Each structure stands twice: as C-alpha cells, then as structure tokens.
Amino acid sequence: MQCLIVDNQMRRLENSQIAFIEAGMQVTGSGSGRVTEACLRRSIVDVLVVDHDTVGTRVTDVIRMAESRNPSLVTIVLSSKVEDDLAAFEEEFSSLHAVMGSEVAPVMLSKMALSWAVQGALMPKSSIEPMRVKREDETQTPVFSTARRTEEPVAEPEVAREAA
C-alpha cells in the first residue's frame, strides 16, 4: 500500500513516515503542496495524510486529485481547526475518514489508516449491500449445526493389582 504524507513540520513528518513504514506501507513524504501535486499526478496512493496548514487553500484540490486516481482512497486531514474542517469536508469527500488534531500520535494514525485501507480493500463500498430486515412473520428459527473434532479418550493402562 502506498501512503502520501503531506506536512511541513519536518519532525512530525519524519515520525509519521517511520510509523507508516513500520506498519508495512510504502511512504512518500512532502512538505510542499507543489511536490504533493506532482506526486499525485504520477502515482496512485491508498492513504493520504494531509496537514491542512501545509497545503492551505489547495487542500481540496489535493484531495480531489487523489480521489480521482483511487476511488477507495483513505484520506486523513490533520488540522488545527478540527470542527470547522470536518464540517467543510465531510460531505464533499467520500474518501475522508477522519479530521484530527495535528498532535495525534503518528503510531496511532498509522494503525487507524492501515485498518481503514485494509477494510476498504477487503470490502469495497460498492459491494456492501444494505441489510434487509425481515418482517415478524418471515422469521424462522435458525438451524444451527456444529461439527467438533473430538479425540477418543485415551484409556488409562490397567495396572495389575497384586494380591497381598
């Protein structure tokens, strides 16, 4: 899985890259909006972690570009204004999984992103069907059957008793 992390705070970017690499992802890190756009034009990413303060007003363009290349993208926005950004992006981007404060631990971020990406790969949104609730008269008692492997009990060896 390919991850692109966009953050201009180099220490946080470095720690995030390490966390995602240790989680088993291939990581590209950038501190520039222009470099980010160049990366997205050339490659497909599965996870996009973008610091809103780094990209600024072009954050919507960056997310849109990544979504157009990968419909099952997982996007996480780091923000100093979590509630405002969540309200602004929630309806606009189907790939948005979270808007978090920028102080979130990189290891936690990598674990959440990986689980969302794997879940999306295993069960794409198009394959999820709404659950049909049965009416009361349609319900039947379920039939359960189980098969359990049991081992034959081991007979204890008979000990000859000696008559005294």
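Reply: Start with helix H1 (residues 10–22), which holds both Arg11 and Glu14, three residues apart, or about one turn of the helix. Helices here (H or I, at least four residues) and strands (E, at least two) are DSSP runs, numbered from the N terminus. The model is a predicted one, in which local features need pLDDT of at least 70 and side-chain atom pairs count only at pLDDT 80 or more, while totals for chains, interfaces and linings use all residues. Residues are numbered from 1 along each chain as its sequence is written, and side-chain values use heavy atoms, with hydrogens and water left out.

Arg11 and Glu14 are joined by a salt bridge, with 3.7 Å between the closest N and O atoms. A salt bridge is a side-chain nitrogen of Lys or Arg within 4 Å of a carboxyl oxygen of Asp or Glu. By that rule there are six salt bridges. Arg11 counts as exposed, at 61% relative accessibility, and Glu14 as partly exposed, at 39%. The words are used as follows: buried is under 20% relative accessible area, exposed is over 50%, and partly exposed is in between (1.4 Å probe, protein chains only).

Next comes Arg64, which has a salt bridge to Asp61 at 3.8 Å, N to O. These two residues are in helix H4 (residues 59–69), three residues apart, and so about one helical turn separates them. Arg64 also forms a salt bridge with Glu92, where the closest N and O atoms are 2.3 Å apart. Glu92 lies in the loop between helix H5 (82–89) and strand E5 (96–101), so its pairing with Arg64 in H4 ties together parts that are 28 residues apart in sequence. How exposed are the residues around Arg64? Arg64 is partly exposed at 42%, Asp61 is partly exposed at 38%, and Glu92 is partly exposed at 38% too.

A network of salt bridges also links Asp7, Arg12 and Asp51.

Now compare a charged residue of another kind of setting. Glu37 lies in helix H2 (residues 33–42), and at 16% relative accessibility Glu37 counts as buried. Apart from residues up to four places away in sequence, Glu37 touches Arg58, Val62 and Met65; contact means heavy atoms within 4.5 Å.

Glu37 belongs to the buried residues of H2, which are Gly33, Thr36, Glu37 and Leu40. Down the axis of H2 these buried residues fall within an arc of 95 degrees, so they line one face of the helix; the arc is that of the directions from the helix axis to the C-beta atoms. They pack against strand E1, strand E2 (26–30) and H4. The face of H2 turned away from the buried side carries the exposed residues Arg34 and Arg42.

In the largest nonpolar core, of 17 residues, Leu48, Val50 and Val77 touch the most other members. E1 (2–6), strand E3 (47–51), H4 and E5 each give two or more residues to this core, and H4 has the largest share, four residues. A nonpolar core is a set of buried Ala, Val, Leu, Ile, Met, Phe, Trp, Tyr and Cys residues joined through side-chain atoms within 4.5 Å. In soluble globular proteins, nonpolar side chains tend to be buried together. Beyond its neighbours within four places in sequence, Val77 is in contact with residues including Val50, Ile63, Phe89 and Leu96. A second, separate core has 15 residues, among them Ile76, Leu78, Met100 and Ala117.

Last, the whole chain. The protein has six helices and five strands, in the order β-α-β-α-β-α-α-β-α-β-α along the sequence. Of its 164 residues, 34% are buried. Among contacts with a separation of 6 or more, 62% are between residues 24 or more positions apart.
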